Amino acid sequence: MLTTETQSSQTGRQYLPTETTAPNQSLLPLTAQVNPYDRLEVGGCDVQDLVNQWGSPLYILDEETLRTACRQYRDTLYSTYPGESQVIYASKAWSCLAVCAMVGSEGLGFDVVSGGEVYTTLQAGISPEDIYLHGNNKSAEELKYAYEQGCTIIIDNWLELHLLSEVATENNPAQIMLRLTPGIECHTHEYIRTGHIDSKFGFDPSQLPEVFTFLQKHPQLNLIGLHAHIGSQIFERQPHQDLGGVLVNWLQTALDYGFKPQILNVGGGLGMRYTEQDDPPSIKEWTQTVAQSVAKACEDQGLDYPKLICEPGRSLIGTACITAYTVGSRKVVPDIRTYIAVDGGMSDNPRPITYESVYRAVIANKMSAAANETVTVAGKHCESGDVVIPDARLPQTEAGDILVVMGTGAYNYSMASNYNRIGRPAAVVVNQGESYLIIERENYQDLLRKDRLPDRLVRKSQ
Ligand code: LLP
């Protein structure tokens, strides 16, 4: 426990990474530093200047952190797994053209979960062989679209098997994998656990014989692999170690039925650091665990090494991004609490209100000031629960200060909304002192883009 005295000597500098910090263990992006004006810099850009240039709130994505995470996953899997391997990015964490293009240029493939994510990924120039479509209720249109484009489809349920078998042909079979629920429990938020038996995702393993029998009769569906994903923001390594063995057992069953699936996909799920209390394994440690567990299970059963895929989202992009807000109003409730409000909140980061997720913040223009005040950082939406950070330790702030929330790369932009008709913020990529707009800020006209006013509702001028 920190004493009050040590707490009050803390400053924004405490979150700066060291040279050896792993991307998913760093609160601030890897390039973060404090410049001579005592202001936070990311990717060589002064955060206050970025806000002046691009507006507020602003998502600031550090290219180097993102690329470093991609390379650490890719290179560790390549060097520790004896068979073929591929890292695919779970693009639900943040899907947009620039993110897909950067991740794709590091040689990663893509996990997508909707027609919209397939489309975004293809438009970013990713080749369909590197795209894997997930989802527990893909529509007939989504299945057809992904099939016609040549993506691999991860079949989740019976309906999808039937729908796809009607679309695919023996001459041009659909490349499919099966998602199964492994029955592995892990300690993470209930909403983001998926591997336990009572989950909406995937086939129950007891259904495997029936599924295999169906596939034997439907050559238009070519079974190329098996998949499982046990949850997200996981700090233990044991569940994924166990998962390797479970997947290899299923592989054996598939072989017994005469199939030759060449791919095992262990899903994603490695956690990242949102607060100094979070202690996830590093990308390298986690990837080694997965690689060794699958390799050993294959050796124990005398099987050839399948191609091994893992599909991280959060740990790949989460810490690469920060959100810069401008501090506005202040309300002091005597003897109870002080609120400071920022110009965004639950519409650009719905995670606190959805999962009670905890974040940390710094004041970008006061990086060395002692954090000697406890304030609740509130959003600007008409909802009491719209709190970005309860009881944050911060230096004295005033209206106009730039408050930076760390670790907002995963599931922030991708879950953002227009609640209260607030436009979604702009996003920039920063690299070596340059910033590049990757998502434009939504303006009032954007908010009306899909509104239609039937003639009978148009107010007549008097
Ligand atoms: N693969 C599958 C099949 C998944 O469902 C997911 C995440 C991933 C991979 C990537 O998991 P990651 O490496 O990001 O943990 N909106 C929630 C997280 C939902 C995760 C959904 N599936 C949040 O904001 O915490």
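In which sense do strand β7 and strand β8 pair, and over how many bridges? In this predicted model, β7 (residues 131-133) and β8 (residues 152-155) pair in the parallel sense, over two bridges. The close-ups below start from that pair.

**View 1. Eight strands close into a barrel.** The order is β5-β6-β7-β8-β9-β10-β11-β12, and the pairing is parallel. On average, neighbouring strands of this sheet are turned by 30° against each other, direction ignored.

**View 2. Helices α5 and α6 in contact.** The axes of α5 (residues 115-123) and α6 (residues 140-149) come within 9 Å. They cross at roughly 25°. Angles under 35 degrees count as roughly parallel, and α5 and α6 are therefore roughly parallel to each other. From α5, the contact takes Gly115, Val118, Tyr119 and Leu122. From α6, it takes Glu142, Tyr145 and Gln149. The contact residues divide into four nonpolar, two polar and one charged.

**View 3. Helix α9 and its cover.** α9 (residues 238-256) has 19 residues. At 1.5 Å a residue, α9 should span 27 Å; its end C-alpha atoms are 28 Å apart, which agrees. Buried residues in α9 are Pro239, His240, Leu243, Gly244, Val246, Leu247, Val248, Trp250, Leu251 and Ala254. An α-helix has 3.6 residues a turn, so residues three or four places apart point the same way. What covers the buried residues of α9 includes α8 (208-216), β10, β11 (263-265) and α10 (283-301). Just after α9, Gly258 takes a positive phi of about 90°.

**View 4. An open sheet of three strands.** The order is β1-β2-β3, with antiparallel pairing. β1 (33-34) and β3 (45-46) are the edge strands; each pairs on one side only. β1 and β2 (residues 40-42) pair in the antiparallel sense over two bridges. Gln33 stands opposite Glu41 in β2.

Definitions and conventions
Residues are numbered from 1 along each chain as its sequence is written. This is a predicted model: local features need pLDDT of at least 70, side-chain atom pairs count only at pLDDT 80 or more; totals for chains, interfaces and linings use all residues. Side-chain values use heavy atoms; hydrogens and water are left out. Two strands pair if DSSP finds at least two bridges between them. Helices (H or I, at least four residues) and strands (E, at least two) are DSSP runs, numbered from the N terminus. Axes are lines fitted to C-alpha atoms, for helices over the stretch in contact, and angles run from 0 to 180 degrees between N-to-C directions. Angles under 35 degrees count as roughly parallel, over 145 as roughly antiparallel, 65 to 115 as roughly perpendicular and the rest as oblique. Contact means heavy atoms within 4.5 Å. Ala, Val, Leu, Ile, Met, Phe, Trp, Tyr, Cys and Pro count as nonpolar, Asp, Glu, Lys and Arg as charged, and the others, Gly among them, as polar. The expected span of a helix is 1.5 Å times one less than its number of residues. Buried means under 20% relative accessible area, exposed over 50%, partly exposed in between (1.4 Å probe, protein chains only).
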